[in-house]
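Student: I'd like a close look at a single part of this model, with its surroundings worked through step by step. Could you pick one and then connect it to the rest of the fold?

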Amino acid sequence: MTELRLLSSLHDIPRPHWQALYQQVAAQGYPFLRYEFLAALEDSGCIGSNADHDSGWQAGYLVAAEPGKTPTLIIPCFAKQHSYGEYVFDWRWAEAYEQYGLDYYPKRLCAIPFTPATGPRLLYREPRAVTEAVQALNSLCAQEQSSGWHLNFPDAPLRAVLQQQPELVQRQHCQFHWFNRGYEDFEHFLSHFSSRKRKNVRKERQRVQQQGIRLERKTGASISNEDIAFFFRCYQMTYARRRSWPYLNEAFFRQLVQTMPEQILLVLAWQDQQPVAAAWYFFDADTLYGRYWGALDDIDSLHFEACYYQGIEFCLQQGLQRFDPGTQGEHKIARGFEPITTYSYHQLLHPGFQQAIGQFAAAEAQQVDHYRHQAAELLPFSHTTQLPAS
């Protein structure tokens, strides 16, 4: 008979058990559900009870297995005390709960901490286990008396199964991704732009060169301890300018370079033989993920070069088909990043609130769809360029 256990640390799950299911759902090597990535978050104190600050992310893993056998289902489901670091915004829902004298927090969240990149979210052997996962999450929230659970940015296979669960509320969101349409190189990519838009991109790249900036791409073991220290200094600067504190610490990045270097790309910008900026990416067999960036000084157009154009060139060199540069940023449209729909799923245990968010999500979806179509009209591609549906 299958038993269901809630574990409070990833390290309570043997890595081979995790890996056996991971290979079923992440054939392309999706980096953020790797054991090594989640372990680095815990080990470095970025999340969990050992966090060096109140992260609000408490690790939790629901594991389904028959006694003495390997698991058939693992559900990463973090206990959340707030909604920071999720990139699916539900603050108004929390305010509504408070107005009615109810507690919205804690809640359960199936997501990758601080990572709004679409991908697998549950580990399972067969898709039918997703129904079991929904039931298990409902039971866990009822036992804990938490408000409910949420699942952010699922990939298409998981989404197809979740859509068969009529009680779940689906929300839609918009991001901007680059797609490799069989481009031979960067200039071939630009050749599909209208003349004016093409000139704008070339001018941006020229401005970077005219300021004496040299870009360097490093992967894997070529990333040194000095590179990591410099990158983290830049990463901190990004948050300091906003008068906030970064979610991640230097120990997290150092551990990743030790445990999963083959999926890391670091772009360094140099001026007068000194590093001045850095951008940190991850990649798998299909996709490049732009994640973290920072610069010591404001240098004209350098952000676009380090965070977008260097990433596109890397995709073309490596044969990657997609570039996910992160959330927000309408400035990406003019640089050839296409609007796409991303999704999240929600289950509040209070029937009245579940009905209310369902109505909200339906109206919101119409707005997101309208926005996405408007954004697509602003893409820089010439009218002769036919883009297939993404």
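Tutor: Happy to. One term first, as we will need it for the sheets: two strands count as paired if DSSP finds at least two bridges between them. Please also keep in mind that this is a predicted model.

Let's take helix 3, which spans residues 91–99. Its buried residues are W93, A94 and Y97. These three cover an arc of only 100° around the axis, which puts them on the same side of helix 3. On the face turned away from that buried side, helix 3 carries the exposed residues R92, E98 and Q99. Just past the end of helix 3 comes G101, with a positive phi of about 75°.

What do the buried residues of helix 3 pack against? Their partners are strand 8 (148–152), strand 9 (169–179), strand 15 (338–348) and helix 11 (351–376).

Along it we find Q172, which counts as buried because its relative accessibility is 17%, and the cut-off for buried is under 20%. Leaving aside residues up to four places away in sequence, Q172 touches T341, T342, Y343, E364, A365 and V368. Strand 9 also runs antiparallel to strand 14 (residues 322–324), joined to it by two bridges. W178 has F323 as its bridge partner in strand 14.

The other sheet is also open: four strands in the order 1-3-4-7, with antiparallel pairing. Strand 1 (3–7) and strand 7 (123–124) are its edges, and as each has a single partner strand, one side of each is left without a neighbour in the sheet. Strand 1 pairs with strand 3 (residues 61–65) over five bridges, and L7 has Y61 as its bridge partner in strand 3.

Now for the nonpolar interior. In soluble globular proteins, nonpolar side chains tend to be buried together. Here the largest nonpolar core has 79 residues, and those touching the most other members are W18, F37, I75, F252, F253, F282 and Y292. Helix 4 (residues 129–144) gives the most to this core, with eight residues. Take F252 as an example: beyond residues up to four places away in sequence, F252 touches F37, A40, L41, S44, C46 and Y292. Apart from that core lies another one, of 41 residues, F186, F189, V201 and C315 among them.

Finally, the whole chain. The protein chain has eleven helices and 15 strands, and 56% of its 390 residues count as buried. Among its contacts with a separation of 6 or more, 74% join residues 24 or more positions apart. The C-alpha atoms fill a box of roughly 65 × 45 × 40 Å along the principal axes. The radius of gyration, 22 Å, agrees with a compact globule of 390 residues, because such a globule would have one near 21 Å.

Methods: Residues numbered from 1 in each chain as written. Predicted model: local features only at pLDDT ≥ 70, side-chain atom pairs only at ≥ 80, totals over all residues. Heavy atoms only, no water. Buried < 20%, exposed > 50% of the residue type's maximum accessible area, 1.4 Å probe, protein only. Arc of directions from axis to C-beta. Contact = heavy atoms within 4.5 Å. Core = buried A, V, L, I, M, F, W, Y, C linked by side-chain atoms within 4.5 Å. Rg over C-alpha atoms; globule rule 2.2 N^0.38 Å.
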